[in-house]
Amino acid sequence: MTLALVVALPLAGAIVIALFGGRLSRSLIGLIATGALALAFGAALAIAQAFAAGKGTLVAELGPWLPIRGADLTLRIDPLTLPLVVMVTGISALICLYSIDYLGHDTGAQRYFAALDLFVFAMLLIVAASNLLLLFAGWELVGLCSYLLIAHYRERPVAASAGVKAFLVNRVGDAAFLVGIFVIFASFHTVALDELTTRPPLLAASALLLVGALAKSAQLPLHVWLPDAMEGPTPVSALIHAATMVTAGVVLLLRLAPLLHGDVLSDAAVIGAATALFAAIVALAQTDHKRVLAWSTISQIGLMFVGAGIGAAFAALFHLLSHAFFKAALFLGSGSVMHATDDELDMRRLGGLARRTPLTTLAFACGALGLAAIPPAAGFFSKEQIAAAALAHPALLVVVLATSAVTALYAGRLFALVFIAPAASEQARGAHESPPLMLAPLLVLAAGALVFGLLVSAGAVPLGVAGATEAPLALSVTSAALAVAGAALGLALFWRGPRSIVPLSLADVARRGFLIDDLYAAALVAPFRSLARLLDTGSEALVVQRSVDAVAWIVGRGGVIVRRAQGGYVRVYEAMLLAAAVVLLAYWSLR
């Protein structure tokens, strides 16, 4: 019953707000949404207590769903998924609380909070589903909610376009995922995960499931939707990057690891490593502080793919959870900066906020320490686990360490330009601290970003997954030294303000993601636009009518031809049968 409540409460909040929110104030709508998530978090903690008392697995059977073996409305929580349930509900509740003041003057509060609660419900389905079809239902619902929230400011064409882009790119992965489910069902005649874990992995199905994970988690080459998703409200960015959506691909790899072919898992690790270093370099070139964090997420998810791909489930799960804390703190800190500076996003026009917004600065610094993996922040311990697991894979280890160094460099640059450098605009000089309702969840998340790793390493917060690795002292020292050196270099280079450390042309190419998005636009979008312009004759009704007439003419002529063969004369039918028999005999004799 408690497990059902965890999943049902966010759904109930979404339904109540959607049906009755039009009669309520914005603040009350926000409180209802936050209350539903807070209650779900409380239920998740109750489940955690049951597990601490010796409970192995919790199952909630809600009844039949589809006439397919294993496709029941059944939820399942085990030691792997329990930390995810607690994280999703807890961090989502804090983000929702933050949103109440952040969107205090937004006229679309009803649809925002309804979609936010529905988003959390969908992510919980992915985490707790007992079969592939129920998981896929949550998978699709996550995509829908991301579209609704990214395009929340739908009156702005760029926001509407970003929502459509996220939706379409994810359709590629979703289609592959669905075909993969069909292949698995056709081979094993069941979709129940507990049954499928005992069956041999299928290479084709594994590859299709990996494509789905790559799209949802914004990994190469399906990463292009996530930077544009910054057009949504900043709390949405925090939700997508920390607790829902992009982590779904990692959750998929962790939950379905027994079903996935070893070669596909190895490919996931290689793709993750390439994505991690690529996105870290792109983040270093950004001038928009939200886009720095967006590219950072792509990079950090890549590190999680490395851990999941090489079989280090503990390392991947640990980094997913620590990333949730420090990335939520960073995004909400970014939202606090925007609130203080009239929505200024360009880091080159900020600076000096450390004196004007001390609490935001403190929280952002904690998140930046986690991102840069500087001890004792949580990011250090979780990245160290990934590096330790990669010791058996030297090429991957080099990429992980290089990514960590570049990450610390852009984290130092980001903090220096926003908080330490001299104020570069009137917005920065007139900055003010955010209200308490925004600061409270921000500071809680910042504290988590600082201490979560220590708690896990000390055993105070068990993750329920075996495989923790004792990192060699040399590796720990190297990781810490690279992080400190990278962050110190970033601070030293940019504490006085913006400066160019590479040729401007190269910086522009890196800022644009090395033109991969432009390549997609030229190869995929441009041809369809050209076709649309060709068809845009100014008389669309005439074009449609002629198209319909053409189809009708083709069908009519086809009917005339077929009708001639069906004249009702027995001698004609006998002749056709004889001709067919002659052709078949000739074919068989030639064989």
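The secondary structure of the chain comes to 25 helices and two strands, where helices (H or I, at least four residues) and strands (E, at least two) are DSSP runs numbered from the N terminus. The model is a predicted one, in which local features need pLDDT of at least 70 and side-chain atom pairs count only at pLDDT 80 or more, whereas totals for chains, interfaces and linings use all residues. Residues are numbered from 1 along each chain as its sequence is written, and side-chain values use heavy atoms, with hydrogens and water left out.

Along its principal axes, the C-alpha trace of the chain spans about 100 × 65 × 55 Å. Among contacts (heavy atoms within 4.5 Å) between residues at least 6 apart in sequence, 81% join residues at least 24 apart.

When residues up to four places away in sequence are not counted, serine 299 touches Thr275, Ala276, Ala279, Ala280, Thr403 and Thr407.

A salt bridge is defined as a side-chain nitrogen of Lys or Arg within 4 Å of a carboxyl oxygen of Asp or Glu, and by this rule the count comes to 14 salt bridges. In one of them, the side chains of glutamate 140 and arginine 171 meet with an N to O distance of 3.5 Å. This pair links distant parts of the chain, since glutamate 140 belongs to helix α5 (residues 132-150) and arginine 171 to helix α6 (residues 157-188), 31 residues apart. Glutamate 140 is partly exposed at 28% relative accessibility, and arginine 171 is also partly exposed, at 22%.

In another salt bridge, the closest N and O atoms of arginine 348 and aspartate 346 are 2.9 Å apart; here arginine 348 is partly exposed at 43% relative accessibility, while aspartate 346 is buried, with a relative accessible area of 18%. Aspartate 508 forms a salt bridge with arginine 511, with 3.5 Å between the closest N and O atoms. Because these two residues are three residues apart in helix α22 (residues 504-511), aspartate 508 and arginine 511 are separated by about one helical turn. Both are partly exposed, aspartate 508 at 31% relative accessibility and arginine 511 at 29%. Elsewhere, salt bridges that share partners join Glu140, Arg171, Asp174 and Lys216 into one network.

The largest pocket holds about 690 Å³ of space, the volume being the space filled by probe spheres set on grid points that are joined across faces, edges and corners. On a 1 Å grid over the protein atoms alone, a pocket is an open set of points where a 1.4 Å probe fits, with protein on both sides within 12 Å along at least five of seven lines, and lining residues have an atom within 4 Å of a point. The largest pocket is lined by 25 residues, of which Leu45, Pro83, Val86, Phe452 and Val461 lie nearest its centre. The elements giving two or more residues to this lining are α2 (26-52), α3 (82-102), α14 (313-340) and α20 (436-457), and the largest share, eight residues, comes from α3.

Note on methods
Buried < 20%, exposed > 50% of the residue type's maximum accessible area, 1.4 Å probe, protein only.
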